[in-house]
Structures are given as C-alpha cells and as structure tokens.
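Here is a short briefing on one protein model. Look over the sequence and the structure first, then read on.

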Amino acid sequence: MRGRRWLGFVPTGFQLRRFSSFEAPPVPPLRRVVVTGMVTPLGCGVETTWKRLIEGECGVRAICPDDLKMNGFEPEVKMYTFDQLTSKVAAIVPYGSSSGEFDEQLWLNSKEHRSIARFIGYALCAADEALKDANWMPTAQDEKEQTGVSLGAGTGSISDILEASRMICEKNIRRLSPFFIPRILINMASGHVSMKYGFQGPNHSSVTACATGAHSIGDAARMIQFGYTNVMVAGGTEASIDALSIAGFCRLRALSTKYNSKPHEASRPFDCGRDGFVIGEGSGVMVLEELEHARKRGAKIYAELRGYGTSGDAHHITQPHIGGRGAVLAMTRALKQSGLHPSQVDYINAHATSTPLGDAAEANAIKCVFSDHATSGALSLSSTKGATGHLLGAAGAVEAIFTVLAIHHGIAPLTLNLSEPDPIFNGGFMPLTASKEMTIKSGLSNSFGFGGTNSCLLFTSTN
C-alpha cells in the first residue's frame, strides 16, 4: 500500500525470514487496574485472608487419612498410604457454610457441577468475588467480547486421576465418569469461568508449575496492552491435597517432615530450621482492566501492573541456580518494563517456599538486583508462605494479590516462623518478622517453578 512499509515473516524450516519492514506506531504504555478475589488456607475471601495474614495467623494443620481423598479405596489401603507419608502437614482451605469458609454445597456438589473438580470450584469461587468487587458483570454483547479469562493451575485434579486408576486396576472401567477428562484438564478453570459469565475475549491457561499464577496475570496484562481486550479475569488455582500429590512430593524430598507434631511451625521461609515446603491449596483471582476503561466506568482502582518479567534458569529440573541467575533476570526485566529504578521498590513478596536451596538462591538474587537498597534496610521483604503454605499453581496469584493489598493498605505482611534467619541476612537486609505499617508506592512479587521457570510482577500505587 502506498505510503506504508510493512513488516512480515514467513516460516522457512527453523528460521524466520524478513521480507519487508515498516516503522510501527509506538505501543501504548502498560496501564492496568487490579481487583481481587481469593480462596486460601487462611479463609475464603480477600478480607478474611488479609486480616488473618497481617495478624500472624497460620493456615497449616496436621492432615488425617480422610484428607487424602481415597474414599473409593479399602480402609486398610488408605491407612497404609497415610502411614507411609513422611510429611503429615498441609495448608487446607477451611470448608463450611459460615463466613470465611468455602461452601462445597454451593461450588462443588450440585447436579450441574459434575464436571467441576475441586480446583475448578476454587477458581469459580475466587472469580465470583473478584468480579463482584470490581463491579464488572457485563450484559452487553460487546462488553462480553472485550472480557477474557486467564486462569492456570499446576497439577489440576490428581485425585480424579488416582480414582480412575483404581477403577482400571479393579477392572471396573465402565464406572469411569464421562466427565473424567473435562474434570482434569487444567484449562477448564478458565473455560468454566468464561462460560458462566459469557466472556468471549481471550480464553487462556498457563501451566508453569509454581509460577503459573504469576504468568497467568502477566500474560493477561499483555493481552490488554496489545489491544486484544479491555478486561481480563486472571490468576491461578490448585487443589493438591490428595494421596498421590503428597506422596509424589514426599518421594521428591521437597516437603517438610520435621514438624509433623508442630504443623504451625512447619512452613518457615528464610529460617535456618527450614526443611521443605508445606503443600497448600486455594485460588487467587484478580480483574485486570485497561486504565481509561476503568476510569470511565468509575471502577475502584487498587494498583497498576507496571512490570512483568520472565526468564528460564536453564539449570536443573527442580533446583534453582544457587546464585539465583534466573530470578535476577526476571526481576531485572520487570524493573526495565516498569521504568523504575531498583531503589524505588518499597516491598518484595518473595517466592521463598521454605526449602534450604530455594530460599537462599532467591535471597542472593535480591541482593544482586537491589544491592545497597536491600542492605540499607529501606527495602521491606517477606514471604507469606509461612501462613499459607505453598499453593503451587495458585501461589503466584495469591501473592500478587497480597502485594497489591500491601500497596493499597500501606501494610507489609510478616514472615511467620522466622526465629533464626539464614546467615545470608544481616544488618538492614532482613525479612519482616512483624507486619509493618508503611507507605508502599511499589511492590514486587516473585514466583519460580520447576523446570527453571521464573516470573516477576511489579505493581505500583496509582495515587
């Protein structure tokens, strides 16, 4: 076309060949609004969870055989399995019909919900709260077409897979539910939210182990940034408290085993006594919205998502590089996109899961990126997994919400069970052991996963 110069690529084997070029118009700045919804071991709902978090409550408890979700197995098999587990603590969502509890009858047990596994139910519950808080329940067709969903999970419904395997072993495959496959597909969390509300924008699902929730939010923000949609329902979900999941992580020697008799002390990020993470479950969902779209309709604005950084360790299937090189890259890239200097970050919600190697690697990475700002004491740092355990695919989303709430309320949450900090910490570089009231203009949330996948989200105040 006359007056325009176009850029195109065509696949040629494993290469991309440029055949013409043009000067692209500038990409609009990343301007996002977040609104929140959560289901965590601290309770159902943002207000309940946040209050318990900053007051230092803990959602970890001892597990019992019934928590293994082996109701179809013989009692002796269930008990044998329970006895063989080396870790007997978990962070479990509280169930019930009271305020702050997850209502199974509402989200899981109706006849219409036979295709909804627990991780999907958690996502539906959290999305419902997020959308109500955002006051975004569009009825116009064009608004539904401009609203998308980006929800991921790390493992999906392992309990359904275990039950199906039992049926095969017992030569009883005719009893396998026709909903088995729809129940275990991870993208069905996004699918169900999309179908419930009629959202016809992007329908997306990330699976990046324990970085899933953060990647889902970051990817959703990019979809808004590049004009695919105006609003995204984004986050992560997980329901991993079952026999096979716990047994698998036990065999990997990833879980805490020293504190079975003291479950509240088991998850201890950055502490010298840490010996593995505490497996948890739940969901975190936020509504991301293009800034002018939000302002035009008078939406409540919590914070702005200014930076999203990703990277790969290229090192090991489960262990991070001790220097935290992948984490350094993710944080540096989030800072670069945001336009902020490291000294302008006030708070970091660390990924720190309470594993000996992982926590140390992240601490090294933070010192590398933030240098004098970290060691001066001006940078507040904490890991909230002491309270919630490790929610796997939901962790990044829940902790992103905690970071946004820290900015919104001016309170940096504490790190539970930090009685003897790792020697890497000294002077002003020390995780918070009590919640701290402070002005937080910008906060960063880290998430790292098996396979060396890393994600970092940087939020800022809009005031």
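Which backbone oxygen does the side chain of K385 reach? The side chain of K385 reaches the backbone oxygen of H351, at 2.5 Å. This is a predicted model, where local features need pLDDT of at least 70, side-chain atom pairs count only at pLDDT 80 or more, and totals for chains, interfaces and linings use all residues. Residues are numbered from 1 along each chain as its sequence is written, and side-chain values use heavy atoms, leaving out hydrogens and water.

**K385**
- K385 sits in helix α14 (residues 385-388); helices are DSSP runs of H or I with at least four residues, strands are runs of E with at least two, and both are numbered from the N terminus.
- K385 is buried, at 0% relative accessibility.
- Buried means under 20% relative accessible area, exposed means over 50%, and partly exposed lies in between (1.4 Å probe, protein chains only).
- Leaving out residues up to four places away in sequence, K385 touches several residues, including S267, P269, T353 and E399; contact means heavy atoms within 4.5 Å.

**Helix α12**
- Helix α12 (residues 325-338) has 14 residues.
- From first C-alpha to last, α12 reaches 20 Å, close to the 20 Å expected at 1.5 Å a residue; the expected span is 1.5 Å times one less than the number of residues.
- Buried residues of α12 include V328, M331 and L335.
- Among the elements covering the buried residues of α12 are β11 (304-312) and α13 (356-375).
- Just after α12, G339 takes a positive phi of about 80°.

**G248**
- G248 lies in helix α10 (residues 243-251).
- G248 is partly exposed, with a relative accessible area of 39%.
- G248 and Y259 are 11 residues apart in sequence and 19 Å apart in space, C-alpha to C-alpha.

Notes:
Polar contact = N/O pair within 3.5 Å; in protein donor to acceptor, adjacent residues only side chain to side chain.
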